[in-house]
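The sequence and coordinates are shown first.

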Amino acid sequence: MAMTRTLAFQIAPDFAGVDLVRTALKEFCNEIYIGGPEAEAWTGDLCLAATEAMNNAVEHSGAEKVEIEIFANKTEVVFRMITRGEKFDPTAGISMPVLGDGDELQEGGFGLAIIKEIVDSVRYEYIDGKNVMTLGKGIIDKKGESEDGN
């Protein structure tokens, strides 16, 4: 059985908590994947996706706390965010927002589309009154290939 490393947090739904988790996630990824520029870009993508998800929870969930679980094995890092509250599926209908009048980009609304674009999997479940959003990103080797050869 493959060894799994785990990190867990329970934070207040505020941006200071988001910063704490983002910093810990970056360090966690650096410990499991030591490499060159590919590793930095890979870690940056996962941290950006996780930050976007947490920011959405802070701004929109109304939760009293946000639970974070991070798992890593030889092939993948999984970031799971859990909030208690009304069912809200943030993955439903994910797409890039359209341009506004005058072809100017609207402010906000890009977070979920960015998440979908830079991680390998996005899953939402509603379990026992909790919203559970799970992001997965396959670990790449130092040649820039995923562990499964793709």
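Is the crossing of α2 and α3 left-handed or right-handed?

## Helix crossing

The model is predicted. In it, the crossing of α2 and α3 is left-handed. Helix α2 covers residues 37-60 and helix α3 covers residues 111-118. Their axes come within 9 Å and cross at roughly 150°. Angles over 145 degrees count as roughly antiparallel, so α2 is roughly antiparallel to α3.

## Residues at the contact

On the α2 side, the contact is made by Asp45, Leu48, Ala49, Glu52, Ala53 and Asn56. On the α3 side, Gly111, Leu112, Ile114, Ile115 and Ile118 take part. Sorted by class, the contact of α2 with α3 has seven nonpolar residues, along with two polar and two charged ones.

## Cysteines

How many disulfides does the model contain? The count comes to zero, where a disulfide requires a pair of cysteine sulfur atoms within 2.5 Å.

For Cys29, the nearest cysteine sulfur is that of Cys47, 5.4 Å away, and Cys29 is in no disulfide. Cys47 is likewise in no disulfide, and the nearest cysteine sulfur to it is that of Cys29. Because buried means under 20% relative accessible area, Cys29 counts as buried at 0%. Cys47 is buried as well, with a relative accessible area of 7%.

Terms used
Residues are numbered from 1 along each chain as its sequence is written. This is a predicted model: local features need pLDDT of at least 70, side-chain atom pairs count only at pLDDT 80 or more; totals for chains, interfaces and linings use all residues. Side-chain values use heavy atoms; hydrogens and water are left out. Axes are lines fitted to C-alpha atoms, for helices over the stretch in contact, and angles run from 0 to 180 degrees between N-to-C directions. Helices (H or I, at least four residues) and strands (E, at least two) are DSSP runs, numbered from the N terminus. Angles under 35 degrees count as roughly parallel, over 145 as roughly antiparallel, 65 to 115 as roughly perpendicular and the rest as oblique. A crossing is left-handed if the near helix is turned anticlockwise from the far one by less than a right angle, and right-handed if clockwise. Contact means heavy atoms within 4.5 Å. Ala, Val, Leu, Ile, Met, Phe, Trp, Tyr, Cys and Pro count as nonpolar, Asp, Glu, Lys and Arg as charged, and the others, Gly among them, as polar. Buried means under 20% relative accessible area, exposed over 50%, partly exposed in between (1.4 Å probe, protein chains only).
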